[in-house]
Structures are given as structure tokens and as C-alpha cells.
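Have the viewer open and follow along as the residues come up.

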Amino acid sequence: MNYHTRKWVKPEDLNPNQSLFGGRLLQWIDEEAALYAVIQLENKKVVTKFISEINFVSSAKQGDIIEIGIEVSAFGSTSLTLCCQVRNKMTHQTIITVDRIVMVNLDEEGNPAPHGKTKVEFVKDRLSNQNTL
Ligand SMILES: CC(=O)SCCNC(=O)CCNC(=O)[C@H](O)C(C)(C)COP(=O)(O)OP(=O)(O)OC[C@H]1O[C@@H](n2cnc3c(N)ncnc32)[C@H](O)[C@@H]1OP(=O)(O)O
């Protein structure tokens, strides 16, 4: 699992119990999954189709630094399935796990379109391949 994004839990991110609001965390996860899929599929028109069971394992509090990890679990024809884990940056205590986030690649009309991808790619490799052509 690669942890790409860090977040600093601020007062506006808290619920009335003074811990990180679950809705805020899901917003961050959805954006992270979308960014990951847009980069992998090289298409800005990608949407979240399905999010599986979510397990809030432990809470985060104001001032905590958390990091969001995303991993590919399957390449479909039009879909990309991701799994996600968020943990405390300093202690590595798991905060939340999401088993499956299904992102769908769309065409210009907003219909599912085959993405043609079968393995994880890295931008630096794409760029170095372009430079050797
Ligand atoms: C980042 C964001 O905030 S996006 C905003 C929130 N998301 C949205 O607004 C999306 C709204 N939904 C939609 O527009 C439509 O449901 C679409 C276009 C995404 C998909 O339309 P569908 O008619 O379901 O398409 P279709 O049946 O062809 O399925 C597309 C892919 O999703 C997969 N899929 C569909 N339903 C599910 C489901 N319930 N669970 C898991 N995967 C699913 C299919 O297996 C298929 O993948 P594959 O081609 O790799 O086999």
C-alpha cells in the first residue's frame, strides 16, 4: 500500500465528540480514490460507482497527522477497483479501512468506456518512455 496524501486534522474537521468527523474522512478518501483513478486511467472523466463496507477502526483527534493509502485490487474493463487504508502518520494506528472502491472510466457522453489498462503505471515511467521515443 502506498500512502500518497497526508492530512492535518483541524478544528473544522471535528464532530461534536471532538474527534475526526467520519463524513470528512470519506470525502478525503473519495477525492484520493478519484485522483488515483484519473492518474492511472489517464482520463479526467472517472466517477465513483461503489464503495464497499467501511470499518472505522479508531478515531483521530485535532492535531493528528493522518495519511491515506490506496492500492489497486482489480482492473476491470471499464472499472478500476481500489482498496484504502487510512492510518495515523506517527503511530501507524489504523483509522479506517475500505475494502473496495469501484471507479468507472467514462467517455465524453458520460457512458462507461473501456480503459485498456491492466497494470499499475507510474507517471515517471510514462515520461521517460516518451523521452526515449
Ligand atoms: C469522484 C466523484 O465524486 S464521482 C460522483 C459520484 N458518482 C457518480 O455520480 C456516478 C453515478 N453513476 C453513474 O453515472 C453510472 O452508474 C455509471 C456511468 C458510473 C455506471 O453505469 P452502469 O450502467 O452501472 O454501467 P455498467 O453496468 O456498464 O458498469 C460499469 C462498471 O461498473 C461495475 N459496476 C457496476 N455496478 C457495480 C456495483 N454495484 N458494484 C461494483 N461494480 C459495479 C461494472 O462491473 C462495470 O465494470 P467492468 O466494465 O470493469 O466490468
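This is a predicted model: local features need pLDDT of at least 70, side-chain atom pairs count only at pLDDT 80 or more; totals for chains, interfaces and linings use all residues.

## Around the ligand

The shell around the ligand holds 16 residues, and the closest are T48, K49, S77, T78 and S79. By type, the shell is made up of 7 nonpolar, 6 polar and 3 charged residues.

Several polar atoms face the ligand. T78 places a polar side-chain atom 2.7 Å from a ligand oxygen atom, and D30 has a polar side-chain atom 3.3 Å from an oxygen atom of the ligand. T48 uses its backbone instead: a polar atom there is 2.9 Å from a nitrogen atom of the ligand. Taken on its own, the ligand has 1,000 Å² of accessible area, and the protein covers 50% of that. The elements giving two or more residues to the shell are α1, β2 and β6 (94-105). Of these, β2 gives the most, with 4 residues.

## Rings and charges

How many aromatic pairs does a search of the whole structure find? The count is 0.

Rings do meet charged side chains, though. R87 lies over the face of Y3, 3.7 Å from the ring centre. K124 has its charged end over the ring of F122, at 5.2 Å from the centre.

## Two loop residues with positive phi

Q18, in the loop between β1 (2-8) and α1 (22-41), has a positive phi near 70° although it is not a glycine. E42, another non-glycine residue, has a positive phi of about 55°. You will find E42 in the loop that links α1 and β2 (46-51).

Conventions:
Residues are numbered from 1 along each chain as its sequence is written. Side-chain values use heavy atoms; hydrogens and water are left out. Rings of Phe, Tyr and Trp (its six-membered ring) pair if their centres lie within 6.5 Å; planes under 30 degrees apart count as stacked, over 60 as edge-to-face and the rest as tilted. A charge sits over a ring if NZ of Lys or CZ of Arg is within 6 Å of the ring centre and within 35 degrees of the ring normal. A residue is near a molecule or strand if one of its heavy atoms lies within 4 Å of it. A polar contact is a pair of N or O atoms within 3.5 Å; within protein, one must be able to donate a hydrogen and the other to accept it, and residues adjacent in sequence count only if both atoms are side-chain atoms. Accessible areas come from the Shrake-Rupley method with a 1.4 Å probe; for residues, only the protein chains shown count as cover. Ala, Val, Leu, Ile, Met, Phe, Trp, Tyr, Cys and Pro count as nonpolar, Asp, Glu, Lys and Arg as charged, and the others, Gly among them, as polar.
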